[in-house]
Amino acid sequence: MEKSKYIYGNWKMNGLLGHVELAKAVEAGTIEIGAQNVEVGICPPFTLLKTIKDGINSIVVGAQDCHFTESGAHTGDISAIMLKEIGVGAVILGHSERRTNHFETSDLVAKKAIFAQQSGLKTIVCVGESLQEREAGNAETVVLKQIIESALPELEAAKLIIAYEPVWAIGTGKVASNDDIREMHLSIRNKLIEIFGDSGKDIPIQYGGSVNAKNASEILAIENVNGALVGGASLKAPDFLEIIKAAATL
Ligand code: PEP
């Protein structure tokens, strides 16, 4: 069955070996739900990728970052081909925590995305405005600029997911209003069609920012919301499975 919703969990810097059980519970629960229209992914820290991947078949195991070259003198970095070799299927790029804490620019995100796709990974490119930018009325301008700069036409639409994550909504319990989400997702959709032509219509756009078991159904039902990138709630199997269930019933 063709996928119509894309639910990915971003574990961030959380997870020791005991968390392999969480991954297994998510896979088992997804099978039980019968969420065949939903692409489910979990993105644990680098140290858990191989162990988790070795025990999992039916959901995507993704990374949270990668370098834009194959190998070389880049202490501390991980290459997309290293990820691919161990069975990783996707990578989150340009998350606001990386843009802020590691000064990642959209240019850099674009370079990473191009190399990751060439290495065979699906790329989840994150964009989103700060509270200051929203309050100044610049949210759309900022987000579309990030799209233009980091979702280049060199990318393959079929391997691209965009995650719209208002920075002020990440990990704060604050969610953008339904109208704000609808408006922003429509603007992103139009920009993707401008960049990629007809295939821009099919690029999934996830919403991210305090999505949880309670608000998922409402958010996922908004037009042009094709999934969710979930932080905190992806660390509890029952909560994450509720979100997957909400997507499966749409
Ligand atoms: C995220 O980290 O991408 C995220 C959306 O986090 P949270 O769901 O915790 O707000």
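Colleague: Which residue forms a salt bridge with K50?

Modeller: D54 does, with the closest N and O atoms 2.7 Å apart. A salt bridge here is a side-chain nitrogen of Lys or Arg within 4 Å of a carboxyl oxygen of Asp or Glu. Keep in mind that this is a predicted model: local features need pLDDT of at least 70, side-chain atom pairs count only at pLDDT 80 or more, and totals for chains, interfaces and linings use all residues. Residues are numbered from 1 along each chain as its sequence is written, and side-chain values use heavy atoms, with hydrogens and water left out.

Colleague: Where do K50 and D54 lie?

Modeller: Both are in helix α2, residues 46-54. They are four residues apart, about one turn of the helix. Helices (H or I, at least four residues) are DSSP runs, numbered from the N terminus.

Colleague: And D54, buried or exposed?

Modeller: D54 is exposed, at 54% relative accessible area. K50 is partly exposed, at 43%. The cut-offs: buried is under 20% relative accessible area, exposed is over 50%, and partly exposed is in between, using a 1.4 Å probe and protein chains only.

Colleague: How many salt bridges does the structure hold?

Modeller: It holds 15. One of them joins R134 to D180, with the closest N and O atoms 3.4 Å apart. That pair links distant parts of the chain, 46 residues apart. R134 is in helix α6 (residues 131-135), and D180 is in helix α8 (residues 178-196).

Colleague: What is the relative accessible area of R134?

Modeller: It is 21%, so R134 is partly exposed. D180 is partly exposed too, at 25%.

Colleague: What does E242 pair with?

Modeller: E242 forms a salt bridge with K245, the closest N and O atoms being 3.5 Å apart. The two are three residues apart in helix α10 (residues 237-248), so about one helical turn separates them. E242 is partly exposed at 35%, and K245 is partly exposed at 38%.

Colleague: Which residues do salt bridges with shared partners join into one network?

Modeller: D65, R98, E104 and K112.

Colleague: Switching to rings. What sits over the ring of F68?

Modeller: The charged end of K111, 4.4 Å from the ring centre. To count, NZ of Lys or CZ of Arg must be within 6 Å of the ring centre and within 35 degrees of the ring normal.

Colleague: How many aromatic pairs does a search of the whole structure find?

Modeller: One. Rings of Phe, Tyr and Trp (its six-membered ring) pair if their centres lie within 6.5 Å; planes under 30 degrees apart count as stacked, over 60 as edge-to-face and the rest as tilted.
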